[in-house]
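Please open the model in your viewer and keep the selection tool at hand.

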Amino acid sequence: MGGEKGVEATNWISLWDRAQIFLALLPMPIVFAWSLLKAPFSPYGRAKSWKRILADRFVLMITTGMNRRQTRHVFGTTRLTYDEFVKEAKLSPVVEDIGDGAKLLWLGPKRTDRVLLYFHGGAFLYAMPLAAPRFWRYIQENLEKRGTDVGFAILNYTLVPDRTFPTQLRQAVRAIQYLMDSGVKPENMQIVGDSAGGTLIHEVFSHMLHPVDTVPQLSLCCPFAGALFVSPWVRLVDKDGCLHTNDNNGDFLTGKSLNYWGSKVLRGIPRAAIPYLEPNSAPSNWLKGVGRCTRRVFITAGGVECLRDEIIRYQHTFRTRHHDVTFIMQENGAHNDPYTDFLTKEKDLGVVTPRVLDWLEENFTFSTV
């Protein structure tokens, strides 16, 4: 009970917080008008629809104008987002309690023949956004149209600072083990994640290669079919200006907001945990043997996102330790760019979404059921 009260106090929103949320969003009409007026004069603005431009600006106002508590309040909870989406998609909710405070939230019925296990982003601080299940439901439905039926499970993990590392890693390992115990073979499972969810995939692979004492070991009979990193959060804090090199080019994140969130996640974390939490701070040989973890790897980035250069660096590192790594960068794409297309219901889905769909299908085609 005392722990619950402590968490509640840490995330409590005061009247002043609510006032600050209102004040942060008050200039919205002016910001939106200015964003549309200057859009024709930048490559990003010319490449995006007016709906995409406004959606990115709205998120930017939140990420730069609110503190952690306020942003968490605005984004709500992953369970609420899930409930909203399954109602929107006319799906029956399927929720499994896997212990240690974690749950699996299924889009459609639970399956054990082929599974996509999803780790959501949000800097480990915030809930899954509505755009995420919309994107993944599109992928799931289109795989089904191609004759590849898949189960899609969302890991609802505990946010920071309610619990810190290695809690999220332990919950991810528990989810994988739970699925395998349910009959899912590793060669028929693909792990997908965006932003901090990509970091969590890195944590899982790091744990398999360098076990964390307080986390159960994860042993596979064979590698996962694939691992997809969408705009992975590979640098949590800026040490040499690397997170600011692409500021103000259209992304809804800034180097300042990434640094702020990263400092929250890394607070009180021992130095030995850094290679798990911050992929680009790991030793050069950290991922040696990662081919035993996953058969194929796909990493994406957006051309205007603040993490672009760090993601490029990460995929280069991955290539030195794995023979099958695909990397694609969406021109004029923001952070998690494919997701926002589904928030604003774009007709043009860019280059990443179709490539992801093809890649996931290929991986399941090669696997055995």
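Select residues 131-145 and 352-366 to begin: these are helices α8 and α15, which pack at an angle of about 50° with their axes 10 Å apart. The two helices are therefore oblique to each other, given that angles under 35 degrees count as roughly parallel, over 145 as roughly antiparallel, 65 to 115 as roughly perpendicular and the rest as oblique. Their crossing is right-handed. Now show side chains: Phe 135, Trp 136, Tyr 138, Ile 139, Asn 142 and Leu 143 of α8 make the contact with Thr 353, Val 356, Leu 357, Leu 360 and Glu 361 of α15. By class, the residues of this contact are eight nonpolar, two polar and one charged.

A word on what you are viewing: this is a predicted model, in which local features need pLDDT of at least 70 and side-chain atom pairs count only at pLDDT 80 or more, while totals for chains, interfaces and linings use all residues. Residues are numbered from 1 along each chain as its sequence is written, and side-chain values use heavy atoms, with hydrogens and water left out.

Next, pick Leu 91, in the loop between α7 (78-88) and β1 (94-99). Is Leu 91 buried or exposed? At 17% relative accessibility, Leu 91 counts as buried (buried means under 20% relative accessible area, exposed over 50%, partly exposed in between, with a 1.4 Å probe and protein chains only). Leaving aside residues up to four places away in sequence, Leu 91 touches Phe 85, Val 86, Leu 107, Gly 108 and Arg 137 (contact means heavy atoms within 4.5 Å). Gly 108 lies 17 residues from Leu 91 in sequence, yet their C-alpha atoms are 6.0 Å apart.

For another helix pair, select α3 (residues 28-38) and α5 (residues 50-65), packed at about 135° with axes 10 Å apart. That angle makes α3 oblique to α5, and α3 passes α5 in a right-handed crossing. Among the contact residues are Phe 32 and Leu 36 of α3 and Trp 50 and Phe 58 of α5.

Finally, colour the cysteines. How many disulfides does a search of the whole structure find? The search finds zero, a disulfide being a pair of cysteine sulfur atoms within 2.5 Å. For Cys 222, the nearest cysteine sulfur is that of Cys 221, 3.8 Å away. Cys 222 is partly exposed, at 22% relative accessibility. Cys 242 is buried, at 8%, and its sulfur is 11 Å from the closest cysteine sulfur, in Cys 306, too far for a bond.

Methods: Axes are lines fitted to C-alpha atoms, for helices over the stretch in contact, and angles run from 0 to 180 degrees between N-to-C directions. Helices (H or I, at least four residues) and strands (E, at least two) are DSSP runs, numbered from the N terminus. A crossing is left-handed if the near helix is turned anticlockwise from the far one by less than a right angle, and right-handed if clockwise. Ala, Val, Leu, Ile, Met, Phe, Trp, Tyr, Cys and Pro count as nonpolar, Asp, Glu, Lys and Arg as charged, and the others, Gly among them, as polar.
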